Amino acid sequence: MGARGGAHGQHHFDALDVDANGVLSLEELFPVVAGVSGELPVSVTKEHCERFVSLFSTSREGVLTRADFFDFVKVSCVTSWLEAEEARTAAEPGAADTSQEVVLLLA
């Protein structure tokens, strides 16, 4: 994804940043939280979004900056890869499990 999130990531952030103020507010994060949780947007509450922001916001001002958003995307990508790797090694007897190596690299 690169240091700045890549063109696709930049576009995704910009599409979420409805008011174009350079940060994602709780209201702008509803579709992200719904997507991550697998819930319908109507099931997502303000409290869900506040908890999500508390995990990734470095400013602690109740918003996600572009850098915070890309940190979330990186964590999501690694988590997805680890889950896929776990499924692959479970399905293939004798397959090398490289997930621990990745976890050590990220630590």
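How many residues does helix 4 have, and how far does helix 4 reach from its first C-alpha to its last? Helix 4 runs over residues 66-91 and has 26 residues. From first C-alpha to last, the reach is 38 Å. The legends below describe a predicted model.

**View 1. The whole protein has five helices and two strands.** Starting at the N terminus, the elements follow the order α-β-α-α-β-α-α. The protein has 107 residues, and 28% of them are buried. Its accessible surface is about 7,100 Å². Carbon and sulfur atoms hold 60% of that surface. Among contacts with a separation of 6 or more, 37% join residues 24 or more positions apart.

**View 2. Helix 4 spans residues 66-91.** Its 38 Å reach is close to the 38 Å expected at 1.5 Å a residue. Buried residues in helix 4 include Asp68, Phe69, Phe70, Phe72 and Val73. Further along helix 4, Glu85 and Thr89 are buried too. In an α-helix, residues three or four places apart point the same way, because each turn takes 3.6 residues.

**View 3. The largest nonpolar core brings together 18 residues.** Leu24, Leu29, Val32, Phe52, Leu64, Phe69 and Phe72 have the most contacts inside this core. Two or more core residues come from each of helix 1 (6-16), helix 2 (26-37), helix 3 (46-56) and helix 4. Which helix gives the largest share of this core? Helix 2 does, with five residues.

**View 4. Phe69 and Phe72 are buried residues of helix 4.** Both are also among the residues with the most contacts inside the largest nonpolar core.

Note on methods
Residues are numbered from 1 along each chain as its sequence is written. This is a predicted model: local features need pLDDT of at least 70, side-chain atom pairs count only at pLDDT 80 or more; totals for chains, interfaces and linings use all residues. Side-chain values use heavy atoms; hydrogens and water are left out. Helices (H or I, at least four residues) and strands (E, at least two) are DSSP runs, numbered from the N terminus. Buried means under 20% relative accessible area, exposed over 50%, partly exposed in between (1.4 Å probe, protein chains only). Contact means heavy atoms within 4.5 Å. Accessible areas come from the Shrake-Rupley method with a 1.4 Å probe; for residues, only the protein chains shown count as cover. The expected span of a helix is 1.5 Å times one less than its number of residues. A nonpolar core is a set of buried Ala, Val, Leu, Ile, Met, Phe, Trp, Tyr and Cys residues joined through side-chain atoms within 4.5 Å.
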